[in-house]
Amino acid sequence: FCYGALRQSFSELPSGLSFDFVVVGGGLAGSVVSSRLSENSRFNVLVIEAGPTNAGVIDSEVPLFDLDIPSRFDWNFTTVPQTALGGRVMPYPRGFMLGGSSSVNGMVYTRGSSADFDRFARFTGDSGWAWKNILPYFLKSEKWVPPADHHNTVGQFDPTFHNLKGTGMTSVSLPGFQLPIDGRVLQSTKEFPKEFPFTLDYNDGTPLGLGYLQSTIGNGTRSSAATAYLNPSVLARPNLEVVLNTRVTRVLSNSSGGKAKSFRRVELLSGTRMVTINAAKEVILSSGSVMTPHILLNSGIGDKHELAQIGISSTLDLPSVGKNLSDHPMVAVGYFVNSSDTVDTILNSPTLTARFFAQWEANHTGPMVNIGVDHLSYSRIPANSPIFENFSDPSPGQNSPHFEFAIANGAGFTGLSGNLISGVLAALTPVSRGTITLKSSNPLDPPIIDPMFLTSGFDVFALKEIIKTAKQFFTLPTWKGYVLEPAGAFANITTEEDLEQYVIDNAGSAFHPVGTSSMSPRNANFGVVNPDLMLKGAQGLRIVDASVMPFVPAAHTQASTYAIAERASDLIKADWQQ
Ligand SMILES: Cc1cc2nc3c(=O)[nH]c(=O)nc-3n(C[C@H](O)[C@H](O)[C@H](O)COP(=O)(O)OP(=O)(O)OC[C@H]3O[C@@H](n4cnc5c(N)ncnc54)[C@H](O)[C@@H]3O)c2cc1C
């Protein structure tokens with residue numbers, strides 16, 4: 001038989017092939033796990049991806065285009081009205097192409113704090129998830145490369161915490177195009193060292209402070225899980241098949257009674273027909289925090305009472321499926337600036353966009369290699385804050401931040417026009433938890449997504465605090481003569497009530513949902529997967545994606561998903577060593 005190709009549809013897959021592993025979703029984690037498993041030539045691996053190929057998609061390749069990826073590469077989900085946000089409905093983007101959300105995301109590469117992973121280990125009872133044991137997997141997935149402009153990076157990162165050996169996979173680099181605000185941003189670490197101390201490297205496990213942005217960019221181009229892990233030489237492996245444009249609807253049980261049920265059969269939509277395919281060893285669900293629980297629930301794996309209400313009979317009663325959705329709420333604030341040298345000028349001018357795109361095409365340099373942010377800052381709510389009279393601290397440890405503050409050379413997420421500088425402000429330790437549920441028993445209906453943003457008073461407080469900090473930041477002496485007046489509704493805030501209303505009117509998702517198929521200790525009567533990521537109470541089904549994280553780390557979620565998928569690959573290989 002001939003394996004080893006990128007198929008445009010399931011019907012292109014030659015009949016008669018059999019597979020050891022069927023990976024559902026060729027997104028970030030699915031690309032990693034299928035690449036690693038197919039390193040073993042005795043394993044036949046099939047990946048089924050709902051979206052199209054990433055190859056040749058310029059909007060995905062050019063870093064500065066990241067805010068405007070066409071909707072055909074998105075699942076185009078929206079949330080239900082958010083009660084704590086004045087009933088607003090908001091978009092909930094998820095990548096719909098090979099590489100998944102790693103092909104459409106903001107490319108920010110942040111790992112989180114050592115305490116985040118030590119908490120994973122404590123919570124699950126598996127020391128394999130602790131920082132010291134997961135750090136090698138961060139290094140295995142990361143290929144540290146020079147920035148696009150090849151500037152001297154000494155003093156801008158700590159090489160001890162990166163893989164400079166060329167053995168890694170996804171390229172990570174420092175900013176490849178200096179922004180005009182960079183000098184002033186760095187000066188702020190001297191003017192406000194208590195809140196913004198300089199940190200050499202926020203990816204060393206202790207992120208607090210202001211440091212240089214690290215992104216999944218190599219040679220001025222997005223490096224995604226697809227470009228890195230499913231590169232042409234991996235796709236040429238005779239034991240790997242990748243099927244595009246094919247949606248999986250359910251996993252089916254192919255055993256009954258007796259021992260734990262086995263879920264080694266996948267149902268998918270091929271054209272207008274439902275067909276099934278078996279995995280001899282395992283089905284691996286890697287459809288992400290929204291679609292993995294959606295597939296499980298449609299398969300009857302979830303809370304049996306809730307499923308009965310929509311006419312789905314239970315195959316495995318696991319009430320935690322789709323619960324515990326944890327995502328970072330985010331809000332942006334902007335100021336007009338006394339300069340036209342911001343990304344707004346480029347993005348609002350077709351002529352400049354064309355000119356800098358031509359430069360990018362010619363030699364992968366210039367403003368298009370950058371996302372308009374060169375620095376991030378991480379900070380904590382002071383220990384003596386009155387909020388801790390009513391809430392215990394949700395952060396996992398003293399080295400772990402409550403806030404992220406990205407300093408953007410443009411309007412960014414404010415949605416305003418003009419020349420701006422903005423702060424993209426995220427609350428990293430959300431207390432609110434949401435759900436993914438089903439509308440009906442039709443597996444092609446979209447999920448009901450309810451992140452329940454800001455339903456905890458702690459999260460409202462956190463966003464208000466970080467806005468106050470951003471105000472202090474932008475009024476530091478370093479900004480004199482550059483930062484002008486606040487922009488949009490932010491300009492009208494005078495009271496604490498105004499501030500709260502601004503948060504309610506403007507907060508949204510930072511696009512980091514996790515927790516909907518959470519790990520829990522092996523014998524726990526809650527959770528969805530065991531610490532080895534096998535579905536609880538079942539055989540033959542593993543979940544490998546962001547949905548298994550029990551808590552959202554104090555970081556953007558791609559780095560942790562890469563590390564989890566790398567460790568998962570080793571766990572799977574060890575289980576099936578012959
Ligand atoms: C707009 C946006 C910006 C972001 N910015 C950043 C950032 O700057 N830095 C960062 O660290 N993180 C960022 N993230 C988050 C990060 O990309 C995700 O945490 C990460 O990609 C999660 O990986 P995953 O494998 O769980 O899911 P995904 O990467 O989303 O992969 C899931 C895959 O499964 C496929 N799939 C789903 N359902 C089915 C089905 N039924 N059948 C077949 N295939 C299916 C999807 O099409 C997709 O390819 C961002 C995310 C988004 C959406």
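## Strand β9 and its partners

Val45 has Leu240 as its bridge partner in β9. This pairing belongs to a predicted model. Val45 falls within strand β3, residues 45-48, which pairs with β9 in the parallel sense over four bridges. Strand β1, made of residues 5-7, also runs parallel to β9 and is joined to it by three bridges. Within that pairing, Ala5 is found opposite Glu241 of β9.

Strand β9 itself spans residues 240-243 and is covered on both faces. Leu240 and Val242 are buried on one side, while Glu241 and Val243 are buried on the other.

## Helix α1

Helix α1 covers residues 28-37, and ten of its ten residues are buried. The buried set includes Leu28, Val32, Val33 and Leu37. An α-helix has 3.6 residues a turn, so residues three or four places apart point the same way.

## Pro451

Pro451 sits in the loop that links β21 (448-450) with α13 (457-474). Its relative accessibility is 5%, so Pro451 counts as buried, the cut-off being under 20%.

Apart from neighbours within four places in sequence, Pro451 makes contact with Thr79, Gln82, Tyr92, Leu325, Arg433 and Gly434. Ser509 is 58 residues away from Pro451 along the chain, and the C-alpha atoms of the two are separated by 8.7 Å.

## The chain as a whole

The chain contains 15 helices and 25 strands. Its radius of gyration is 23 Å, which agrees with the value near 25 Å that a compact globule of 578 residues would have. Along the principal axes, the C-alpha atoms fill a box of roughly 70 × 55 × 45 Å. Among contacts with a separation of 6 or more, 73% are between residues 24 or more positions apart.

Of the 578 residues, 62% count as buried.

Technical notes:
Residues numbered from 1 in each chain as written. Predicted model: local features only at pLDDT ≥ 70, side-chain atom pairs only at ≥ 80, totals over all residues. Heavy atoms only, no water. Helix = DSSP H or I, 4+ residues; strand = E, 2+ residues; numbered from the N terminus. Rg over C-alpha atoms; globule rule 2.2 N^0.38 Å. Buried < 20%, exposed > 50% of the residue type's maximum accessible area, 1.4 Å probe, protein only. Contact = heavy atoms within 4.5 Å. Pairing = 2+ DSSP bridges.
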